[in-house]
Structures are given as C-alpha cells and as structure tokens.
Amino acid sequence: MHQPPKCIAVTDPFPPQQAYLAIELKPLDTAEKRSLQALRRHVLAHTHTTDLRGLAGAVKKLLGSGYEVGCGSAHIWIMRAGDTERLAIVADRLTTAYRDWFEPPLDEGPVTSRRSGQRLPIAGAPNPPAAD
C-alpha cells in the first residue's frame, strides 16, 4: 500500500522580498521632498525582508501625521491625508515595477505573454511583432 509522503512544516511561508520606494506624485514642497528622501534611504537600508509590513511602522513615523499609510504583505501605500491619489508605494522589486513620477512611461502595449510568439491578440490593440 502506498503511503503519502510526510508533510514538512514550512518555517517561512513568504518568499524573500527586495523593498523599494516609488514616489508616484511630485512632492508638494521641499519639506515633503526631504521626508520622502529620508524614507527612501530607510527603505534602501532595509531592502531584504520576508514581509514588507515590518517597514510600515517606520514609514508612518518618518512621514508623520499628514499622511495615510496602509499595507499588505507585498506593499505599503502612502497617501497625503485627504487625498485620493497614492503619493508613493513601498513594494517588492522582484514582483513589481512601479515608477517614480519623473520617469518616462514604458512604451509597452498590453501583452498576454512574455513570449511574443505566444501572445494572444487583444481587441483594439496593435499586434506586437513576432519574435524570430
């Protein structure tokens, strides 16, 4: 009789993450710019983690009461108090690609596969060139 293999407990269910800060809106003034620069330095000093929620307390402390901070296991979002747009996000560099407000947008259209030969057509979008 076949017996199933014994289960091994997972000691760390979260994969490693590389934290980074993307500032998505232009800072309102030099004070906000300095706060965001200090936050970026802090995040860069703590890039390797298994759960980004561990950085949320420091984010709140560095920015102060004029900001709303929320988080999930793979991101921390930051908004100015009373604003509806996200100011910045701390995310995992291995799984996301958020950009700073001053960076040009990527010139990529919608795709359904990283392999261009396997992409499905998307209604209303130009078909990408096939890879040779």
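The model is predicted, so local features need pLDDT of at least 70 and side-chain atom pairs count only at pLDDT 80 or more, while totals for chains, interfaces and linings use all residues. Residues are numbered from 1 along each chain as its sequence is written, and side-chain values use heavy atoms, with hydrogens and water left out.

**The overall layout**

- The protein chain has 2 helices and 5 strands; helices (H or I, at least four residues) and strands (E, at least two) are DSSP runs, numbered from the N terminus.
- Read from the N terminus on, the elements go β-α-β-α-β-β-β.
- Of the 132 residues in the protein chain, 27% are buried. Here, buried means under 20% relative accessible area, exposed means over 50%, and partly exposed is in between (1.4 Å probe, protein chains only).
- The protein chain exposes about 9,600 Å², and carbon and sulfur atoms supply 56% of that. Accessible areas come from the Shrake-Rupley method with a 1.4 Å probe; for residues, only the protein chains shown count as cover.
- Take the contacts (heavy atoms within 4.5 Å) between residues at least 6 apart in sequence: 51% of them join residues at least 24 apart.

**The nonpolar core**

- A nonpolar core is a set of buried Ala, Val, Leu, Ile, Met, Phe, Trp, Tyr and Cys residues joined through side-chain atoms within 4.5 Å.
- The largest one has 19 residues, and Val59, Ile78 and Val90 are the ones that touch the most other members.

- α1 has 16 residues and reaches 22 Å from its first C-alpha to its last, close to the 22 Å expected at 1.5 Å a residue. The expected span is 1.5 Å times one less than the number of residues.
- The buried residues in α1 are Glu32, Leu36, Leu39 and Val43. Seen down the axis of α1, they fall within an arc of 60 degrees, so they line one face of the helix. That arc is taken from the directions from the helix axis to the C-beta atoms.
- Here's the background: an α-helix has 3.6 residues a turn, so residues three or four places apart point the same way.
- The buried residues of α1 pack against β1, α2, β3, β4 and β5.

**Salt bridges**

- Side chains of opposite charge can pair when their charged atoms come close.
- A salt bridge here is a side-chain nitrogen of Lys or Arg within 4 Å of a carboxyl oxygen of Asp or Glu, and by this rule the count comes to 5.
- Arg80 pairs with Glu32, with the closest N and O atoms 2.7 Å apart. Arg80 lies in strand β4 and Glu32 in helix α1, so this pair ties together parts that are 48 residues apart in sequence.
- Both partners are tucked away: Arg80 is buried at 11% relative accessibility, and Glu32 is buried at 4%.
- Arg80 also forms a salt bridge with Asp83, the closest N and O atoms being 3.7 Å apart. Asp83 is partly exposed, with a relative accessible area of 31%.
- Shared partners join Glu32, Arg80 and Asp83 into one salt-bridge network.
- Arg40 and Asp100 make another salt bridge, at 2.8 Å from N to O. Arg40 lies in helix α1 and Asp100 in the segment after β5, so the pair links parts that are 60 residues apart in sequence.
- Arg40 is partly exposed at 24% relative accessible area, whereas Asp100 is buried at 12%.
- Not counting residues up to four places away in sequence, Asp100 touches Leu21, Ala22, Ile23 and Arg40.

**A loop residue to look at**

- Leu25 sits in the loop between β1 and α1, and Leu25 is buried, with a relative accessible area of 18%.
- Leu25 and Leu87 are 62 residues apart along the chain, but their C-alpha atoms are separated by 5.1 Å.
- Setting aside neighbours within four places in sequence, Leu25 is in contact with Arg80, Glu85, Arg86, Leu87 and Trp101.
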